[in-house]
Amino acid sequence: MNLYFRLIWLFIWRVRHCNSIGFLGTSRISYRALPCDCDINFHVTNSRYPAFMDLARTYMLAEMGFLKRFIKLKWMPIVNAAEFTYIRDIKPFTLFEIETKLVGWDEKYFYIEQRFVSENKLHCIVHVRGVFVCKGKQVPIDTMVKEVNFEGPAPELPAEVVKWKQFLQLKKERNI
């Protein structure tokens with residue numbers, strides 16, 4: 001995490017004044033691309049996207065109402081894999097929004113989609129696969145779903161996430 005000022009601002013102000021969304025709702029948080037977020041090509045550098053995404057996922061947990069509970073339980077979110085599709089760059093001083101949504105889970109991982117948008121233009125779409133860990137052990141997905149009082153079946157994963165899962169499995173099999 002290299003956006004310390006924005007992280008502090010998130011915890012001091014934004015989390016306390018955030019909206020409330022459902023477990024499968026879409027969280028939205030806005031940022032402005034500052035010159036320090038940009039590279040020599042005068043656009044947000046690729047390494048900054050994951051840092052913004054960390055903040056947006058933390059904000060999503062707060063909007064869902066689970067951030068304090070998960071901290072109390074000492075559950076730490078861990079990203080297992082991420083895939084990025086950059087569509088158009090974000091120029092300095094552009095106000096952009098990160099839309100974050102839990103799109104589903106399987107027996108081991110949860111899957112999140114994050115979209116960088118400004119003025120109705122999509123800049124980047126990212127899929128993230130992750131888990132929660134407590135005391136060095138993975139929190140079972142069933143435990144997480146019960147903790148948030150979600151009842152019902154897991155949503156059907158989007159086709160692109162299903163293909164990505166298959167690709168990740170292939171990479172794992174070929175590199176063992």
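Let me start with E99, which touches T26, S27, R28, E113, Q114, R115 and V117 once residues up to four places away in sequence are set aside, contact here meaning heavy atoms within 4.5 Å. This is a predicted model, in which local features need pLDDT of at least 70 and side-chain atom pairs count only at pLDDT 80 or more, while totals for chains, interfaces and linings use all residues. Residues are numbered from 1 along each chain as its sequence is written, and side-chain values use heavy atoms, with hydrogens and water left out.

E99 lies in strand β3, strands being DSSP runs of E of at least two residues and helices runs of H or I of at least four, numbered from the N terminus. With a relative accessible area of 17%, E99 is buried, where buried means under 20% and exposed over 50%, with a 1.4 Å probe and protein chains only.

Leaving aside neighbours within four places in sequence, F23 is in contact with M64, F66, L102, W105, M144, V148 and F150.

Finally, in helix α1, residues 4-14, the buried residues are R6, L10 and R14; they cover an arc of only 50 degrees around the axis, and therefore sit on the same side of α1, the arc being taken over the directions from the helix axis to the C-beta atoms. Y4, F5 and I12 are exposed on the other side of α1, whereas the cover over its buried residues includes β1 and α2.
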